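Reader: I have the coordinates open and would like to go through some local features with you. Could we begin with the charged side chains?

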Amino acid sequence: MNREHKRCLIIGSGPAGYTAAIYASRANLAPLLYEGLQPGGQLTTTTEVENFPGYPEGITGPELMADLRKQAERFGAEIRTGIAVKADLSKAPYLVTFDDGHEVEADTIIISTGATAKYLGLEDEQKYAGMGVSACATCDGFFYRNKVVAVVGGGDTACEEALYLASLAKHVYMIVRKNYLRASEIMQERVRNAKNITILFEHNTLGLFGENGVEGAHLVKRKGEPDEELVDIAIDGFFLAIGHSPNSSLFSKYLECDEVGYIITKGHSPSTNLPGVFAAGDVADPHYRQAVTAAASGCKAAIEAERYLGANNL
Ligand code: NDP
């Protein structure tokens, strides 16, 4: 095992990680950034990004991430590919082991490992990926203006996504497996008041169909009950909103996390309960989950890392 010491280790390569790398390298922290399984993060799975400031004509997710990466490299950030497999945060300097055979001892760590949207696990979700299946209404809703879409889920995210889509689409179905919504009362009320949202309670999705993209979904109503019924709906887009899993499990033994696993940060700062350990982007953000907010928190994390190193003469 190859052990080395770094002043600033950044784990994760979404907008939070790359932005942290840009700021940390410009502050002479000589950061080392590890890209994991999906270099560029969730944005590389979207097509057009039209809401990142500075791109009036929009930009594709992969291009945006390639630009951020280039910008980080321009200022000297070292970028490697590898997955963090072990972390010992019991004392500083902190030790993280990667599957490329490196053990990195770091004075500061910026955790920006992101979150993964949950999918139902249907083969058709893969088949129609980027062709009508999405897990982000804010990213992709715009392409469904005046079309018909479905949102799966009955929590706050599903309601929020359904309401957002209802402002663009002709009609929105919510596919809810129980006979009630789990969302907060205020969100439920907003959904109920929306004229173009139909809630399909006690429905589960069996599959999707369509020639060159999603044209509809096969559903089952009251699955397993005597009055079980198969229902097809015609839709152009199928949105998953059944929750996200923050990629924090490696660190949750040491860091305060909420009940879902999101790393808890202090107030508006990316500081965690451990000095010198910061969390940026979706791994610490169940609420906004936007590229621009992730980038902003990566910037804050790098500034905090710089201050911490300075204050401790590291
Ligand atoms: P939740 O876990 O609250 O809700 C997930 C929803 O998806 C539930 O309705 C659940 O159904 C459904 N679901 C899960 N798995 C499946 C499946 N395999 N098939 C069909 N349906 C499924 O996740 P959210 O992302 O909605 O919310 C996460 C947290 O973030 C919550 O605490 C929420 O309050 C918060 N949040 C707050 C917002 C706000 O305040 N504006 C906005 C967004 C999120 P079931 O109920 O049957 O389990």
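Reader: Is E78 buried, partly exposed or exposed?

Author: This is a predicted model. In it, E78 is partly exposed, with a relative accessible area of 29%.

Reader: Which residue forms a salt bridge with E78?

Author: R80 does, and the closest N and O atoms of the two are 2.9 Å apart. R80 is buried, at a relative accessible area of 14%, because that value is under 20%.

Reader: Which residues are linked with E78 and R80 in a network?

Author: E4 and K6 are; together with E78 and R80 they make up a network of salt bridges.

Reader: And how many salt bridges does the count come to?

Author: The count comes to 12 salt bridges.

Reader: Which side chain meets that of R222 at 2.8 Å?

Author: That is E202, in a salt bridge with 2.8 Å from N to O. E202 is in the loop between β13 and β14, whereas R222 is in the loop between β15 and β16, so this pair ties together parts that are 20 residues apart in sequence.

Reader: How exposed are R222 and E202?

Author: R222 is partly exposed, with a relative accessible area of 26%. E202 is partly exposed as well, at 25%. R222 also forms a salt bridge with E225, where the closest N and O atoms are 3.9 Å apart, and E225 is partly exposed at 38%.

Reader: Where is N313, and what is its phi?

Author: N313 lies in the segment after α7 (291–311). Its phi is positive, about 50 degrees, although N313 is not a glycine. N313 is exposed, with a relative accessible area of 72%.

Reader: Which peptide bond is cis, with omega near -5 degrees?

Author: The bond from A92 to P93 is cis, with omega near -5 degrees. P93 is in the loop between β6 and β7 (94–98). Most peptide bonds are trans.

Reader: What is the strand order in the open sheet of five strands?

Author: The order is β10-β17-β11-β12-β13, and the pairing is parallel. The edges are β10 (133–134) and β13 (197–200); each has a single partner strand, so one side of each is left without a neighbour in the sheet.

Reader: How many bridges pair β10 with β17?

Author: Two bridges pair β10 with β17 (residues 237–240) in the parallel sense. V133 stands opposite F238 in β17.

Reader: Changing topic, what is the volume of the second largest pocket?

Author: Its volume is about 980 Å³. The pocket is lined by 31 residues, of which G155, R182, A241, I242 and G243 are the closest to its centre. Two or more residues of the lining come from each of α5 (156–166) and β14 (203–209).

Reader: Lastly, which residues form the nonpolar surface patch?

Author: L37, I83 and V85 form this patch, with about 300 Å² of accessible area together. V85 is in strand β6 (residues 84–88) and counts as partly exposed, at 46% relative accessibility.

Methods
Residues are numbered from 1 along each chain as its sequence is written. This is a predicted model: local features need pLDDT of at least 70, side-chain atom pairs count only at pLDDT 80 or more; totals for chains, interfaces and linings use all residues. Side-chain values use heavy atoms; hydrogens and water are left out. Patches are made of residues with over 30% relative accessible area and no salt bridge: like charges are joined within 9 Å, nonpolar side chains (Val, Leu, Ile, Met, Phe, Trp, Tyr) within 5 Å. Accessible areas come from the Shrake-Rupley method with a 1.4 Å probe; for residues, only the protein chains shown count as cover. A salt bridge is a side-chain nitrogen of Lys or Arg within 4 Å of a carboxyl oxygen of Asp or Glu. Helices (H or I, at least four residues) and strands (E, at least two) are DSSP runs, numbered from the N terminus. Buried means under 20% relative accessible area, exposed over 50%, partly exposed in between (1.4 Å probe, protein chains only). Two strands pair if DSSP finds at least two bridges between them. On a 1 Å grid over the protein atoms alone, a cavity is a set of points where a 1.4 Å probe fits but cannot get out, and a pocket is an open set with protein on both sides within 12 Å along at least five of seven lines; lining residues have an atom within 4 Å of a point. Grid points are joined across faces, edges and corners, and a volume is the space filled by probe spheres set on the points.
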